[in-house]
Amino acid sequence: MEDLIRTALSTVDLPGVVHADVRVVAPDRFVQLAVRNGAASALTDARSEAIGVRVRTDRAWGFATTTDLRPEPTREIARLAVRLARAASRHARTPLRVTDDLSPDRGQYHTPLRRDPFSSSFESIVELLSSAEKALHVSRSVRSGIATFQAWEENKWYGSSEGASFTSRIVHVGAGMTATAVRGSNVQRRSAPSSHGGDFSQAGFEFVDGLDLVGRAPEIGQEAVALLDAPVCPTGPTTLVLGSDQLALQVHESVGHAVELDRIFGSEAGFAGTSWVAPEKIGVLRYGSDLMNVVADATEPGGLGTFGWDDEGVAAQRTPIVHRGVLVGTLSSRESAAQLGLKHSGGTARASGGDRAPLVRMTNVNLEPGDLSLEELLEGVAEGVYLDTNRSWSIDDRRLNFQFGTEFGRRIVRGELGELVRNPIYSGMTPAFWGSMDALGNASTRHLWGLPNCGKGQPIQGARVSHGAPVARFRKVAVRGG
Amino acid sequence: MAPRRAAAPEGGDPLPALRRLPGGTTGDVRVISAAWMTIRFANGRIHQPHLEQSTSVSFRVADGRRLATATGSDASGAGLDALAATARALARIAPVERKFPGFVAPSGRSPGRLAFSTSTASLSPESATSIAEEILDATESEAAGARTAGAVTVGSERLRVANSSGLDRTSASSFARASVLVQRPDRDPPVSGWSEGAHWDAGRLAPARLGKEAAERMAKTTPAPVEPGSYAVVLRGPAVADLLRFLAHLGFGANGEVEGWSCLARRRGKRVAPASVTLTDDARSRETIPQAIDYEGTWTAATPLIHKGLAGNVVTDLLTAGRLKRRLTGHAQPPEAPFGDYGPSPSHLLLEPGDATEDELVRETRRGLVVTRFHYVRVVDPGRGVITGMTRDGTYVIENGEMVRPARNLRFTESVLTALAGITLLGKDRRIYSGEGAVTVPAVATRSFRFTSATLF
């Protein structure tokens with residue numbers, strides 16, 4: 001692979017090209033095992049290979065990629081990357097600047113694994129999924145059960161014209177299950193440990209063992225059935241307690257994306273949108289209550305956003321984002337950091353594979369825990385609702401107006417969790433919502449959730465990210481039954 | 001003219017690997033060769049140009065009725081044999097798929113030669129970036145000082161599907177799409193306008209027209225807040241396309257029918273829209289991005305979904321046709337597709353146009369809102385077809401049959417079935433919108449659409 005990288009770098013050593021970096025990802029492997037209603041709805045072992053060549057003139061980038069890892073196709077796409085950059089330069093009136101970040105001479109990063117999922121048979125996993133899926137069907141009302149396992153292995157070689165070089169092998173795994181109960185047009189879902197495929201970690205099979213899918217399946221099936229008869233969630237402003245799982249997605253949508261510096265500068269305006277954060281407000285903007293502390297930590301063990309170096313060769317970092325409710329940092333790349341006038345990138349430029357150019361992405365964007373147990377946090381609630389496990393999610397293109405539905409809710413009455421309610425929806429405006437947070441769960445309520453499906457960019461790139469979140473309490477939130 | 005770039009990589013021949021499968025094992029293979037570019041622009045410059053040449057292979061085997069798939073990027077004989085071995089190893093541990101009918105022998109009528117643009121498939125990097133430059137020039141001329149962002153995608157894809165029952169078919173598609181946002185972020189609140197379009201022929205994209213249209217749709221005055229509530233709405237093409245994409249999944253996706261949660265499960269053959277509404281899925285049409293076969297090699301065909309307001313049946317692939325005991329409609333996705341809830345779904349939607357101009361839609365609506373497009377639409381309640389999302393990039397108030405002022409954006413939470421049933425008028429001009437497949441629609445007016453909250457801009 002080093003030879004291919006040298007081939008590409010020497011091909012683009014042409015007048016006008018001021019920088020080049022090359023990534024080879026081979027194999028980029030993805031195994032998905034799914035059992036749906038007793039049948040194998042998708043057992044797939046996917047291995048792809050790609051080389052991506054990115055070049056920069058003093059005015060524009062060019063990126064080209066191929067799945068053919070031979071020298072001649074590599075030279076061809078390297079030349080095409082240069083043609084693209086030169087063509088793109090025609091319309092650029094100002095120079096393109098990037099930060100001067102030191103890159104590794106020869107780095108290595110490997111996921112620490114106890115049981116490597118890619119060095120043994122998947123038979124036991126299929127058996128586990130079959131057992132769990134079967135156990136979801138606690139009654140005829142459960143019309144659909146699905147249990148899934150996913151694992152990714154990314155083997156990467158990186159080299160740049162600045163002399164940087166590293167290799168990495170990163171492994172992510174996860175699993176989950178969902179029961180769908182149906183009565184007429186009343187459709188209720190319960191998932192564990194989370195919706196959207198479950199929970200994920202940078203780990204081996206040992207992580208999946210710890211999820212106890214088979215043990216939890218009957219309870220999940222019963223909860224889906226119970227929701228069919230539960231009253232609709234009451235409507236009105238109320239005290240909302242969010243479980244760690246839903247709060248992780250709230251952080252993702254209303255903090256993580258909003259603090260991506262490329263969005264803030266308008267690079268994503270034509271697709272995903274921009275941000276309510278203005279560049280000049282970084283350092284002074286009130287994002288939430290004093291209890292709110294958020295960090296982007298690409299060094300946390302087990303995170304899907306944990307790595308040695310990002311896809312520009314910048315070392316993983318732990319960056320404060322919100323400190324005591326004030327926005328103090330962002331997620332950044334070498335280009336966006338330079339645009340803000342920073343000396344160094346935040347090291348969060350990530351690509352979904354060798355076939356994509358790096359973009360500013362989340363790493364592990366975590367809401368730091370407070371000091372209350374769940375019981376202590378509920379004690380302060382005379383009347384409210386506890387909601388958890390995402391069912392629907394949507395937010396505007398500046399990351400202000402959001403609406404989330406969750407799979408279930410429970411009424412809170414005089415500090416106690418009570419009756420189950422169905423179809424709960426809550427909505428709000430990002431700064432007002434975070435400003436209403438008046439209690440945070442302690443470390444015992446905190447979990448690092450893995451989200452494997454964050455989409456961004458054109459062509460679309462799926463990123464795997466994590467969010468640490470405790471439980472939290474919010475006052476006067478608009479809640480209703482859908 | 002700049003020299004053309006190299007052609008898409010050639011895929012290998014899957015037939016020998018299929019013939020080498022051992023007794024009791026059958027299979028199907030997809031070889032996809034693609035070459036395309038996406039030229040992204042923002043802040044007045046091309047900031048992310050991307051060029052890709054790729055081959056992907058997906059080999060599904062059935063060990064009896066145990067199914068598994070292996071995918072890779074090596075379409076050589078050795079690469080295909082390796083995929084077959086991987087898939088066989090995985091199939092041996094798969095649960096039995098009792099309703100699997102086996103891979104089908106070739107049958108049905110070829111749709112013949114579909115629309116394809118050789119010049120689109122062989123555009124050079126310089127020509128592709130020129131399309132983006134045309135958009136940038138048009139917006140600068142129409143809205144000097146505004147921020148422009150968007151993307152142009154051009155290229156081609158060749159899909160070959162073969163199976164153990166003797167099927168061996170190929171489809172080639174060319175595609176071009178462009179989108180443009182014109183924005184004034186310096187206004188308080190910021191304002192923006194949008195346009196997009198797609199075609200199988202890049203020469204028909206009309207990039208300057210898209211840039212001009214986006215600039216014209218940007219509010220010239222400050223958007224005012226509008227109270228959430230139910231309004232009559234005129235939905236421009238991109239908004240209609242979004243609603244129909246969700247209807248396609250929630251109402252015509254096969255898994256919802258198999259599992260009983262489709263929002264149209266109990267309404268097949270019944271009226272769900274006025275008689276003026278006819279929605280068809282037709283991947284062969286010249287008014288879409290044509291595709292001759294699905295990912296199992298079944299010929300695509302025109303499939304009525306809503307005929308004169310009456311709901312039709314779901315679409316199928318091999319597995320769901322077996323489960324539902326229905327005919328194959330040619331809507332298979334790649335078998336390695338992520339665990340989508342919906343299963344095979346319509347992907348080349350065409351809504352019959354009416355005869356109204358956009359001005360007439362507004363005039364007849366009298367009082368309500370114009371919505372240019374939606375953002376971040378998600379399912380809230382699949383059984384009732386309820387979805388939510390935001391308006392974006394051009395929302396206007398209609399009073400006395402005229403578009404009188406821009407409105408701040410609103411969140412809708414509404415059943416796609418309510419929107420469909422309330423259609424009062426259809427526009428006469430259709431355009432292709434591309435994303436997940438293609439959707440070809442006019443603007444429509446609908447009687448009642450529920451907005452549940454508002455945002456600050």
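This is a predicted model: local features need pLDDT of at least 70, side-chain atom pairs count only at pLDDT 80 or more; totals for chains, interfaces and linings use all residues.
In the hairpin formed by β5(A) and β6(A), where four residues lie between the strands, Gly163(A) adopts a positive phi near 95 degrees. Of the 19 residues of β5(A), 14 are buried, and the strand is accordingly described as mostly covered.

An α-helix has 3.6 residues a turn, so residues three or four places apart point the same way. The length of α5(A), residues 213-229, agrees with expectation, because its 17 residues should span 24 Å at 1.5 Å a residue, and its end C-alpha atoms are 25 Å apart.

At the level of the whole chain, the secondary structure of chain A comprises 10 helices and 23 strands. The radius of gyration of chain A is 23 Å, close to the 23 Å given by the globule rule for 482 residues, so the chain is as compact as a globular protein of that length. Taken along the principal axes, the box filled by its C-alpha atoms is roughly 70 × 55 × 40 Å. Buried residues account for 65% of the 482 residues in chain A, and, among contacts in this chain with a separation of 6 or more, 76% are between residues 24 or more positions apart.

In chain B, helix α5 (residues 207-217) is mostly covered, with eight of its 11 residues buried. The buried residues are Pro207(B), Leu210(B), Gly211(B), Lys212(B), Glu213(B), Ala214(B), Ala215(B) and Arg217(B), and they pack against α4 (125-142), β5 (168-184), β6 (191-199), β12 (368-381) and β13 (386-399) of chain B.

Elsewhere in chain B, four of the five residues of strand β18 (residues 437-441) are buried, so this strand is largely enclosed by the rest of the structure. Strand β17 (residues 431-435) of chain B runs antiparallel to β18(B), to which it is joined by five bridges, with Gly437(B) as the bridge partner of Gly435(B); the hairpin from β17(B) to β18(B) passes through one residue. Strand β11 (residues 348-351) of chain B, by contrast, runs parallel to β18(B) and is joined to it by three bridges, and Leu349(B) has Val439(B) as its bridge partner.

The contact between the chains takes 71 residues from chain A and 73 residues from chain B. On the side of chain A that touches chain B, strand β2 (residues 39-56) of chain A gives the most, with 11 residues, and the residues of that side divide into 30 nonpolar, 29 polar and 12 charged. Strand pairing also extends from one chain to the other, in that strand β3 (residues 61-66) of chain A and strand β2 (residues 45-63) of chain B run parallel and are joined by four bridges, with Glu52(B) of β2(B) as the bridge partner of Thr65(A).

Methods. Residues are numbered from 1 along each chain as its sequence is written. Chains are lettered from A and ligands numbered from 1 in the order in which they are written. A residue is buried if 20 or more other C-beta atoms lie within 10 Å of its own, exposed if 12 or fewer, and partly exposed in between; C-beta atoms are placed from the backbone. Helices (H or I, at least four residues) and strands (E, at least two) are DSSP runs, numbered from the N terminus. Two strands pair if DSSP finds at least two bridges between them. The radius of gyration is taken over C-alpha atoms; the globule rule is 2.2 Å times the number of residues to the power 0.38. Two residues are in contact if their C-beta atoms, placed from the backbone, lie within 7 Å. The expected span of a helix is 1.5 Å times one less than its number of residues. Ala, Val, Leu, Ile, Met, Phe, Trp, Tyr, Cys and Pro count as nonpolar, Asp, Glu, Lys and Arg as charged, and the others, Gly among them, as polar.
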